[in-house]
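Please look over the structure below. The report that follows covers the ligand site, then the backbone.

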Amino acid sequence: MTFPPELLRCLVAAQRVTVLTGAGVSAESGVPTFRDAQTGLWAKFKPEELATPTAFRREPRLVWEWYAWRRQLVAKANPNPAHLALVEWEKRASSFTLITQNVDDLHVQAGTENLLRVHGSLWELSCWQACGASTWRDESVPLQTLPPSCPACRGLARPGVVWFGESLPTRELEAAAAACDCDVFLTVGTSALVYPAAGLVHEAKRRGAFTAELNLEVTPASAEVDLAIHGPADELLPNISRRITP
Ligand code: BV8
Ligand code: ZN
């Protein structure tokens with residue numbers, strides 16, 4: 001697999017590298033991407049319809065059954081060469097920030113350190129009643145009770161993810177915006193449809209970064225980036241990482 005010399009030159013020279021990942025990075029781990037996740041029982045639902053506060057308010061049990069189904073899928077998944085290549089790259093880069101839209105925590109499992117999870121995690125929960133209890137981690141599969149309760153007030157718990165129509169966590173969003181000040185911004189395995197995450201690559205380009213997209217298909221970002229390479233992330237990323245690390 002060959003890469004345009006300009007890409008390798010920019011990556012080798014880059015002091016500050018920022019990478020944005022989406023569901024395509026976890027596809028090879030067996031985690032269905034967000035848009036093709038709906039199989040079997042879930043085929044009749046659209047993710048955008050289930051991943052909302054309105055759906056949860058109306059049918060908390062149904063929404064929790066969807067998340068419980070995704071948790072048991074992700075529980076069987078392991079990081080793939082794409083996740084591991086990003087861990088190696090972080091070790092060698094002067095400054096490296098990984099922004100992920102994924103809620104599967106596979107970047108955490110792989111060992112990425114400077115990670116911004118802008119859409120939360122399937123393995124975290126918070127109190128729907130907002131009793132003040134802080135977010136807690138629960139990796140049990142299956143969950144003890146469905147829907148689960150808040151350990152502090154015994155009220156309804158909710159998945160620790162960001163739903164459509166909800167604002168992204170301020171700390172992560174501000175850090176992600178700051179990471180647009182970089183030499184190279186790479187967007188990997190995302191349909192580039194969901195904002196504000198999808199806007200980051202444009203912000204990085206506006207601030208002078210060399211921008212590249214690694215994705216299986218053309219996306220709305222493809223025409224905007226300096227370089228769009230189409231192929232599987234679990235092949236492209238290890239290949240790039242090998243070529244740029246001494
Ligand atoms: C916000 C967590 C401010 C949950 C997710 C109306 C009202 C309110 C807001 C809006 C509105 N209209 C628009 C908006 C904004 C909205 C938005 O962007 N909507 C889109 C659909 C138009 N955004 C929001 O609501 C955000 N909040 O704006 O707050 C606000 C507040 C109040 C009121 C107004 C505004 C919140 C967005 C976060 C939503 N939560 N996830 C959960 O997971 O259950 S988003 C969800 O989709 C995923 O987390 C993922 O992050 C995101 C994008 O999906 P991708 O990761 O890109 O996956 P996808 O399947 O789409 O694509 C995979 C790609 O990989 C494909 O291109 C494929 O070709 C490629 N691929 C596959 N295999 C491989 C591969 N590539 C390489 N290698 C492979 N092997
Ligand atoms: Zn509570």
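## Where the ligand sits

Ligand 1 takes up the space of the largest pocket. The model is predicted, so read each contact below as a feature of that prediction.

Domain 1 covers 5-30 + 79-119 + 168-244, and domain 2 covers 32-76 + 121-161. Both give residues to the shell around ligand 1, so ligand 1 lies between them.

## The shell

The shell around ligand 1 has 35 residues. Arg35, Tyr67, Arg70, Thr190 and Ser191 come nearest. By class, the shell holds 18 nonpolar, 12 polar and 5 charged residues.

Helix H4 (60-75) and helix H9 (233-244) each supply at least two residues of this shell. H4 gives the most, with 3 residues.

## Polar contacts and burial

A polar backbone atom of Glu166 is 2.7 Å from a nitrogen atom of ligand 1. At Gly189, a polar backbone atom is 3.3 Å from an oxygen atom of the ligand.

Glu217 uses its side chain instead. One of its polar side-chain atoms lies 2.8 Å from an oxygen atom of ligand 1. Taken alone, ligand 1 exposes 1,500 Å². The protein buries 75% of that area.

## Backbone points to check

Most peptide bonds are trans. Which residues does a cis bond join, with omega about 0 degrees? Tyr195 and Pro196 are that pair. Pro196 lies in the loop between strand E7 (184-188) and helix H8 (200-206).

A cis peptide bond also runs from Leu146 to Pro147, with omega near -5 degrees. Pro147 belongs to the loop between strand E5 (136-137) and strand E6 (157-161).

Most residues other than glycine have a negative phi. Asp105 is not a glycine, yet its phi is positive, at about 60 degrees. Where is Asp105? This residue lies in the loop between strand E2 (95-100) and helix H6 (106-110).

How values were computed. Residues are numbered from 1 along each chain as its sequence is written. Chains are lettered from A and ligands numbered from 1 in the order in which they are written. This is a predicted model: local features need pLDDT of at least 70, side-chain atom pairs count only at pLDDT 80 or more; totals for chains, interfaces and linings use all residues. Side-chain values use heavy atoms; hydrogens and water are left out. A residue is near a molecule or strand if one of its heavy atoms lies within 4 Å of it. A polar contact is a pair of N or O atoms within 3.5 Å; within protein, one must be able to donate a hydrogen and the other to accept it, and residues adjacent in sequence count only if both atoms are side-chain atoms. Accessible areas come from the Shrake-Rupley method with a 1.4 Å probe; for residues, only the protein chains shown count as cover. On a 1 Å grid over the protein atoms alone, a cavity is a set of points where a 1.4 Å probe fits but cannot get out, and a pocket is an open set with protein on both sides within 12 Å along at least five of seven lines; lining residues have an atom within 4 Å of a point. A molecule sits in a cavity or pocket if more than half of its atoms lie within 2 Å of its grid points. Helices (H or I, at least four residues) and strands (E, at least two) are DSSP runs, numbered from the N terminus. Ala, Val, Leu, Ile, Met, Phe, Trp, Tyr, Cys and Pro count as nonpolar, Asp, Glu, Lys and Arg as charged, and the others, Gly among them, as polar. Domain bounds come from an automatic or database domain assignment.
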